[in-house]
Amino acid sequence: MRFKAQVRVTLKESILDPQGSAVKRALHAMNHDNVLDVRIGKHIELVLTADGPESARRQVQEIADRLLANPVIENFSFDLAEAGGEAG
Amino acid sequence: MGDCIWREMGLATEEYERILDILGREPNLVELGMFAVMWSEHCSYKNSRAVLGLLPTTGSRVIQGPGENAGVVDIGAGLAVVFKIESHNHPSAVEPYQGAATGVGGIIRDIFTMGARPIALLDALRFGPVSDARSRHLFAQVVAGIAGYGNSIGIPTVGGEVATHESFRESPLVNVMCVGVAPASAIKKAAARGLGNPVMVVGARTGRDGMHGATFASSELSPEAMAKRSAVQVGDPFMEKLLLEACLELYELGDDVVIGIQDMGAAGLTCSSCEMASRGGVGMEIDVAKVPRREKGMTPYEVMLSESQERMLVAVKAGSEPEVERVFRKWGLEATVVGHVTDDGILRIRDGDAVVAEVPAKALADMAPCYTRDASEPEYFRREQARDLADVPEPDDYACALMKLLASPRIASKEWVYSQYDHQVGTNTVVLPGRGTSVVRVPGTNKGLALTCDANSLYCYLDPWAGAAHAVAEAARNVAAAGAEPLGITDCLNFGNPEKPEVFWQFKRAVEGMAEAARALEIPVTGGNVSFYNESSKDGSSTVAVYPTPVVGMVGLIEDLSRVMTPGFKREGDIVAVLGRTRDEIGASEYLAEVHGIEGGPVPVVDLAAERAAIQLTLALIRGGLLSSCHDLSEGGLAVALSEACILGGIGSGIGARVRLPGTMRADRYLFSESGGRMLVSFHPSAASGVQAMAGRHGVPVTVLGEVGGMRLVIDGAGGTGGRARRVVDVPVSELSRVYRGAIAWALES
Amino acid sequence: MRVGVVVFPGSNCDADCYRAIESFGADVKYIWYQDRSLDGYDLVVLPGGFSYGDYLRAGAIARFAPIMDGVVEFAEAGGLVLGICNGFQILLECGLLPGAMLPNVVPRFRCDGVRLRVENAHTPFTCLCHPGQVLSMPIAHAWGNYYADEATLVELERRGQVVFRYVNEEGVPTPEANPNGSCHSIAGITTRRGNVLGMMPHLERACEALLGGTDGRWVFASAFEFLSGGVELGRLHLAGDGPRH
């Protein structure tokens, strides 16, 4: 079976995000004064084959934990869905 | 053939008819696409070839002049310097980060295809006024793109120039120069030879990136042109780093393995295959089915015209394919045989068994029409020549005028820019950016290369001939001020639409001026790039050309790095003097523009004999060990040069100077005149007689102005006939430094 | 003295490190990232650059290169490992050193000169320096903002694992002298045993007067002095607590 995982990697709340702060300043300069906070993260899509959703989930969890996110500074979450035929 | 499809591809009807003549039949779509890109201005120089013939391209040191991927000049000890400048203006206008990044990637490939390891990058940039938000965005993104690519691949960006002007608001200029070094005997050429020799595509896979980029670069920027762009190329510096190392390792397999190699830049596989075949006087057969793809369902047309980055076409000796593949595999790259050399002069494109294009290679590469466009002198030219500037008042406050100049984007420290570039990777950068003319060591030797690129767009607009001649002279002075003998020029000629007679006049006059100066100073032009159609319109009606900007990239040689010279004053008590003659001429000056709001008047007199004498004197003084510092005088004149010599002086924290202006010229004229052929020098009092004697022998006037000392810049006005000396400037160096160093960051970030 | 400089795909300061080390008369070799063994080496250098393009995060992919198993083993056996810039980032990613790198607080690449204060002169890499000595070196990075949680920082400080701190002309760590926003102005840290040093500044670029400075030589010279036994181990407070003194 073919699955598509959408992994979101975000900075932990306690970590300063200079890029996010820069974007926030720019938005304020564009008169979007009501933007209170900007945090920049990563969106990563994986297409993989697996026997079933459970093994796919386990594998994506491990991949995200070991490589895609750095647990010192980042959190991650992901959605998994079965991907049709030629997806990806 | 559908109605006028050739016109949509950018070909004129008479050009289409010429293709019919050459082929004796109608071209198919693939063939037509190939002609369209190869006959675009970007690839064929059809509008500029005739004029470019004026440039001097030979010299005793020249190993390779124009016509290859880069110029090559002998620097002794069996080594050669390989260098080239190229524009990436149009892509940068659309997507500044990737446009600039891929510009860097492209010029680096031009250098290592020649067999050289790239050791330095420089950039000449033009943007709209920094008061404009979009211009600031373009500025910041272009710098980030250059940094993103150059830093990652690990080639130091050591210098360049930046200026802003209204005419670049919609059409920024991004010119990138790369310099490499190779054993003179190991220079590679981009010519295919030897019947049956395999032709390989190496590096990245082919996708649908930047289709028709070359045609795109050969038209004005209109909303339709923006929409026509199918995809922006995205640079991958990591891939290029691997490709660079793999190619350099490939060359080490032996001189006979690589027959010819060419980068796939503009017009991709089409350009590289037909040019390599044409240069070698052979034919070539390519099977597009064998070209590794990144995307599914690509047509032969798309494969032939793709401008995917980080790819090379290599013709290798038959039988060496496994060795070539091994080297590329080591670096994690693909090397795929896609065709072979033939002897019929035909570029034959197959898609498996089917022949999809069959065109004489020479027809694509060398038979584009050559136009001599109409040139007509614009009406402003004579008006500005005759402009009377006698009424321009003396400033009430000289210090304030000086500060305005130090804060102008053209003059202010470019620290905000170059601190984003890794300028030290490679551990060869001897003079860092911002500390004088950039100097890099020739790896493994005690020789140095002084590198610069220069152009004054306002000069070139007001008087293209004089402006271009000044660009050559200023570059040569910059190089000489570091103690380097000028070796060669690579030029990047940025102009508007050459089909407009006034633009073509600017182009023609600029090339004539550049040619005359290069001849007089005996500095050959070994290659370069022409970028036309730098025009834009906001409303789709009339378009406005950029100020003509013929950028002169120059390389100079320092035989002994222990004699490298810098512009900062060094010691208390040193004598401060100007070499060369200061004329009462403030036309076209930065002073006139910044302080009086006048962008006009006659450009400073071009005196090439005086330039030559000043350069030779400077080199003799530096080699003789007589100078403590040397600074070329250009924008902002003496006042700015004095300020910079103070700011950059001492041991990092600056040092002051006290000077008194000589003669009877009004102080603002003397301080801000941009007369050419001058250097600001300082030397120990014990060297004074030596300096005078040597200057006498070279026929260059020396004017002693004062001495180095204290922590303030103090300038007393002339006490000439009837006039009384008065203090015009008295400012702490720390204050000059604060304004000079902070201006660009402040303008871009506040 | 046998020194290995690891070459990852995308390393670009490997040759600079090689030449700097060679100038000490050491026997220096490149180590390809696909090798596994570090037998016979006295010092292993992870050079600067953009390994794997720095894609994902600086150092994130390189830590899985085959050679890294060897580097971890070598370090655990007490071998000297020096990670410079991207090499430091790799050491953090692979967990040999604690913490992580964030983008510079002004989120741009920055190439500039900095001053470092030697905070611990009792490590193999600083044993010829005196405590508080200020060294000048260049930095060149976009991701040099060192981060660790408060508990880790307290531990690092307590055990003397902070080796270099960014300081101003007076030798004082100030926000202005901190080029990237690093916690505690940290420029370089070691393991508890002191045998693994990660630092952002490019010491290999400060080994030649012609290029503007030679302060980087203190670090290399210290390592060679330590390796040649010129420094008694007993004199070194190898950053550990209690028994190691």
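A contact is counted where heavy atoms lie within 4.5 Å. On that basis, residues 24 or more positions apart account for 72% of those contacts in chain A that have a separation of 6 or more. The model is predicted, with local features needing pLDDT of at least 70 and side-chain atom pairs counted only at pLDDT 80 or more, whereas totals for chains, interfaces and linings use all residues. Residues are numbered from 1 along each chain as its sequence is written, chains are lettered from A and ligands numbered from 1 in the order in which they are written, and side-chain values use heavy atoms, with hydrogens and water left out.

Helices (H or I, at least four residues) and strands (E, at least two) are DSSP runs numbered from the N terminus. Chain A holds two helices and three strands, which follow one another from the N terminus in the order β-α-β-α-β. Its radius of gyration is 17 Å, well over the 12 Å that the globule rule gives for 88 residues, so chain A is more spread out than a compact globule; the radius is taken over C-alpha atoms, and the rule is 2.2 Å times the number of residues to the power 0.38. Along the principal axes, the C-alpha atoms of chain A fill a box of roughly 50 × 30 × 15 Å.

Burial is judged by relative accessible area: under 20% is buried, over 50% exposed, and anything in between partly exposed (1.4 Å probe, protein chains only). Buried residues make up 30% of the 88 residues in chain A.

The buried residues of α21(B) include B:Phe504, B:Trp505, B:Phe507 and B:Met514. After α21(B) comes B:Glu522, with a positive phi near 55°.

| Residue | Property | Value |
|---|---|---|
| B:Ala588 | loop | between β22 (575–579) and α22 (590–596) of chain B |
| B:Ala588 | relative accessibility | 2%, buried |
| C:His184 | loop | between β9 (162–167) and β10 (186–190) of chain C |
| C:His184 | relative accessible area | 34%, partly exposed |
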